[in-house]
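Subject: Structure handover

Hello,

Please find the structure below. My notes on it follow.

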Amino acid sequence: MTLAPPLASDPRGAGSRGTSSAGTSARARVAIAGATGYAGQELVRILARHPAVTLTAAMSSGATSAPRPLPALTRIWEGTVTPLDVDRLTSEAEIVFLALPEAASAELAPQLLARGVRVIDLSGAFRIRGDADRQRWYPATAALPEGTAYGFTERNRDAIASARLVSNPGCYPTAALMALEPLAAAGLLQGPVFVDAKSGVSGAGKAPSERTHFSENHGSVAAYGIFSHRHTAEIEQELSRQVTFVPHLVPLDRGILETIYGTLTPGTTSQQVGDALQDAYADAPFVRLTGEALPEIKHVAHTNFCDIGWKVDAAGGRIVLVVVLDNLIKGAAGSAVQNLNVMLGLDQRTGLL
């Protein structure tokens, strides 16, 4: 069974500004801080070809780094990555993407907001709303700036459209919440949820470590961060329920596959699960529902799609969901550009399909 939601004719964010046609208004000026990391380079790749924006600057994560080209983007973007410069960011861009470590984003985002620049942050600095949890997981962030929206595009478009700061979800939470939020909202889940997640090595970032060394990672699979991964707090915040989240590092360069185990309310059928997901994503152009044909990472690699499949044991009241996405695109740069499109009043698909 393949259950793919139909594309809406106008999948825009309600209340957004701008125009839905790139040809009828001036291009928005955007810039990137942190353009040399994996997600940052994906942002450059997408934004350089985006028909409704002009990429005015791509900067590194430090003010003292030397200018450098990005050879992989030759003939896609011919610019040079320059040192981080707040004054240039504010003078040359209306919207700035931050692909920086959490502490750097926590320091830079308020400066940009104070100068009237809107921000899309790919770090975790502004994802946690509760002060105590945020202090535990992201201590550099003292408070959330006014006008901050959690950037889960498919479930939060109205807030994103008018936000001053959009805090992009983490890659692991994006996959988990895509599958679980509609079921929780429909009252179909009961009890705890277990998320068995596997990610490619690029999810650990570009800085090398013993764990991400080729000789250590190749031919192996390793669990990590059990009961101590910060994405647990993000998933639990959005679901308002306990989640046991166990991430694994697998020898792939990109991609996430999550196998999610839960208990359904008595009498829930596979059809009801499918209906809840269909209703939630009827106008979501990047969510593909596959039913019992379980998806694989290769189906979504290098795209902004998230594929969701499931199987229900009606007699036992159990459900297993399988979710896949590309951690660098739908889990980072692609969803950030999707949020940009909502902020500008554009079709969500602009520059991504």
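Which residue in β13 is the bridge partner of Val312? The answer is Ile319. Please keep in mind that the model is predicted.

That residue pair belongs to a longer pairing. Strand β12 covers residues 306–313 and strand β13 covers residues 318–325. The two strands pair in the antiparallel sense, over eight bridges.

Both strands are part of an open sheet of seven strands. The order across the sheet is β8-β9-β7-β10-β13-β12-β11, and the pairing is mixed. At the edges stand β8 (222–223) and β11 (287–291). Each of these has a single partner strand, so one side of each is left without a neighbour in the sheet.

What is the partner of β11, then? Strand β11 is joined to β12 by four bridges, and these two strands run parallel. Within this pairing, Leu289 stands opposite Ile308 in β12. Despite the place of β11 at an edge of the sheet, this strand is mostly covered, with four of its five residues buried.

A helix also lies across this part of the sheet. Helix α9, residues 270–280, lies across β10 (256–264), β11, β12 and β13. The helix runs at about 155 degrees to β12.

Next, the aromatic rings. The count of aromatic pairs comes to two. One of them is formed by Tyr172 and Phe245, with 5.1 Å centre to centre and 70 degrees between the planes, and is edge-to-face. This pair links distant parts of the chain: Tyr172 is in helix α6 (residues 171–185) and Phe245 is in strand β9 (residues 243–249), 73 residues apart. Are these two residues buried or exposed? Tyr172 has 3% relative accessibility and counts as buried, because the cut-off for buried is under 20%. Phe245 is buried as well, with a relative accessible area of 2%.

The rings of Phe286 and Phe305 have their centres 5.8 Å apart. Their planes are at 55 degrees, so this pair is tilted. Phe286 lies in the loop between α9 and β11, and Phe305 lies in the loop between β11 and β12, so the pair ties together parts that are 19 residues apart in sequence. Phe286 and Phe305 are both buried.

Phe305 has a further neighbour. The charged end of Arg288 sits over the ring of Phe305, 4.1 Å from the ring centre.

Regards

Conventions
Residues numbered from 1 in each chain as written. Predicted model: local features only at pLDDT ≥ 70, side-chain atom pairs only at ≥ 80, totals over all residues. Heavy atoms only, no water. Pairing = 2+ DSSP bridges. Contact = heavy atoms within 4.5 Å. Axes fitted to C-alpha atoms, helices over the stretch in contact; angles between N-to-C directions. Phe/Tyr/Trp six-rings, centres within 6.5 Å; stacked < 30°, edge-to-face > 60°. Buried < 20%, exposed > 50% of the residue type's maximum accessible area, 1.4 Å probe, protein only. Lys NZ or Arg CZ within 6 Å of the ring centre and 35° of its normal.
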